[in-house]
Structure formats: C-alpha cells, structure tokens
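I opened the notebook for this model.

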Amino acid sequence: ARTSNTLLERQIAQQRGRWRAVLPHAIANRLAADALRHIPVDEVLRTFEGNAGERMLRSFSRRIGFLHTSPQAREISRRWLQPDGLLHKTMQLNGLGAAMLANIAPIDCEIVLECFESQKTEILAAVKDIRKQTEIRRVTSLISKIAYEPELFGRAISLLLEIADEVGDEDGHDGPRKRVCALFQIRGSGTHATLEQRVDVLEACLADSKRHGLALNCLATSLETENFEYTNLVDADFGARPRDYGARPYGDEAIAWLSRFLNIAAQIAFSDDISDRTACRGVIASQFGSLWGIEKMRPMLIELAEKLSADGGWLEGWRAVKGKVHYDKSRSSREGKAAKDDPDLVKLCELLAPSDLEGRVRAIALAEGHRIFALDEEFDLDDPKKYEASGKRLAEEAFRLGQDVAADSAVFDA
C-alpha cells in the first residue's frame, strides 16, 4: 500500500476505484511483463475475464498489446483467438471485442491473420452487408497493418484481394482496393515487402481477368513519384512494434523500382489488347513529367517514346511532353529565370507530334485537362489574360479542325 501511495503522490500512477494504473508506458510495460511472468496465465484470464469488468478488460488488452516480446502475452492472444476463444468470431464482436482485437493484434500478427483466414467465408459474405461495413473496415485495416511484414505480405494481400473482389468498383477512400493500390507506392506504402514480392502479386493480378483492372491501377500507382496517398498509414500505431512508413527506395534502388514497373507497363502498351494498350500508354504519359525529372530515367523514356511512336503513334505522350515543356517554362518564369528548352524534349515533341488530320483532332480538339494550354503554340506567359486568350485560340483551332473533318469523309467516318 505504501508503494502504491508513493506512485500516486508522484503522479506515476492513477487510481480507478480499487485499481491502480501506472501511466508511463516504459514503466507500465515492464511491470506488466514482469507480472505475467510470475502469475499463471490461467489465473490472469480467470481474473480479467470473470471479475474485472469491461473497462478493465479493455485496458488489460491494450496493455498486453505492447508486450509482443512476452511469451505469456502471446499465449493470452493465442487463447483469445482460438476457435473457442473470446475474440475468435471477428465478424460478431461487439464494441468491446472489436477494441480488444485491435489492441492485441500487434502481439502476434500471424495468429491474427490465421484467425481471419479461418473465417474468410464469413468475412467475404459480410462485404455486401451494409450492416457489417464497420467490421469490414476494421478487418481490412488490420490486414493492411499485418502486410507491413515481408514474411506475411503474400498471405495478407491475398486475403485483401479476395475482399476487394467482393467489393468490386464500389470502394471508399480507405476501402480494400485503395489499400491494395497503396501497397504499391514507392513511398508511404505501409509495407516493407520487397520489390520482387510486389511484382509477383502484380503479375498474378494482371493475368487474372477479375483483377486485371485493379492491377492496372496498382501499376499506375507504382510509377508515381509524388503526391502520395497515405491510406495505409492512417492510425499507423501498432502496439510497441517499431514501425515506419514502409520501404523507401532511394538512389539506384528507386531507379530499379521505377524501371521494373515501367517495363511492365511498356510490355502491356505493345500488347494486342486495344483496351490495355490504351490504358498503359495513358499511364506512362500521366507519369512522364515526374519520371523525366529523374535524370537516370530519361534514356529509358526516350527509347520507349521512340518505340511507341513507331507502333501507331503516341498522342498521349506528345501531350505529356508538351505539358512538361510548358511546366518548365512556367516555373522558370515564376522564379524570374530565362526559360531554356530541353533539346531532348524538343526532339520528342517533334517525333510524337500528330502528322495527320485525325491525329491532330484526337490530340488537340479532343484533349482535356488542366494542361491543355500547353498545346497552344502562342501561349504567352507574360500576358495577364494568357489563359483567356489561349482558350480562345484553342477553341478556334478546334473549330478549324472540325471544318476540315467535315470536308474529309474518310476522317469523318473513322
């Protein structure tokens, strides 16, 4: 009692009825681990499950969630998640049970994953049940956190993909499809899975007709170098396990990452499937500007642009190159510097420029997006009404192209 009062006086402990709670984690975790070593697990469970009440049970689960190195804490977690355990039926847990499951998940990630895998049928059946969406979000969040570990990544993303299959295209901001895509970010992925692990998953999904669309989204995500989403990093705390934002390839590792996924995109861009060709050519074009900013990627981009130009043209690429030139000039103007043309970009503009009426219509008249002004050859950065004037010129050009199409029956019928 004297020791307990001393802790209270020094504000290291807090009184809750007849219970005392030690506040600093560093002290509390050590004391809890020591207590578990000296008290039989059966007695601990009997005390907390039978007599402690909901609040203490919740607090107990949170405390042992910080003790992933404790054999006794792992044993308690295992018992709670076994078939007749307190937390086994994950889709039927009440608020207390859900909180306890989230609390103890860091103790042994594999046991939690095994629990989810054993109840896969129930989880997938609940995906379409509007009353079970809170439970589904909880499960997908925990699976995403488990995917942090390379040794569990394959199993975790496999289960996440099955849930995503059931969701279809109806996916929220933190839904399973979003979470799968986020695992393919070069930054902020929330996993330390290797490049090879992620490539294996991507290629398997590309070969699966049901997951093909999601795979293309993951491919696009893998080539992004800025403006990352942090879907898997919301509420990223996971017990006392050391965690960061996931793998962060730099230097040659980053080049290897981008080159690998760009090669996959390039292979699809030359495929016989028109839909896939179009999608991947668009993906490469959308990331062209940011990839061009990485000097070691430029030779690969130039070679790819030349091959795409020779294989039916690459109008999206021409717009992307024009957009990059326009962006560089605008940035130089804002910084008060003289704009200098990049000779490689100038050559690519000439190479990729549409050479016939149909190409000009598709590239200019049907263009959209905030960088459409990059297509205006007379765009004047110093004109205070530059966007209004440019919009007018582009509208006039589109009108002229429309007249030319009307006069050319072959193009009109194309």
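Is Phe-48 buried or exposed? I found Phe-48 buried, with a relative accessible area of 16%; buried means under 20%, exposed over 50%, partly exposed in between, with a 1.4 Å probe and protein chains only.

I noted that this is a predicted model, where local features need pLDDT of at least 70, side-chain atom pairs count only at pLDDT 80 or more, and totals for chains, interfaces and linings use all residues. Residues are numbered from 1 along each chain as its sequence is written, and side-chain values use heavy atoms, without hydrogens and water.

Next I looked up ring pairs. Rings of Phe, Tyr and Trp (its six-membered ring) pair if their centres lie within 6.5 Å; planes under 30 degrees apart count as stacked, over 60 as edge-to-face and the rest as tilted. By this rule I get five aromatic pairs. Phe-48 and Phe-60 are stacked, because their ring centres are 4.0 Å apart and their planes stand at 10°. This pair links helix H3 (residues 41-50), which holds Phe-48, to helix H4 (residues 54-64), which holds Phe-60. Helices here are DSSP runs (H or I, at least four residues), numbered from the N terminus. Phe-60 also counts as buried, at 9% relative accessibility. Ring pairs join Phe-48, Phe-60 and Trp-80 into a cluster.

I then checked Tyr-230 and Tyr-245. Their centres are 6.3 Å apart and their planes at 55°, so the pair is tilted. Both lie in the loop between helix H13 (212-222) and helix H14 (251-269), 15 residues apart in sequence. Tyr-230 is partly exposed, at 42% relative accessibility.

Methods: Helices (H or I, at least four residues) and strands (E, at least two) are DSSP runs, numbered from the N terminus.
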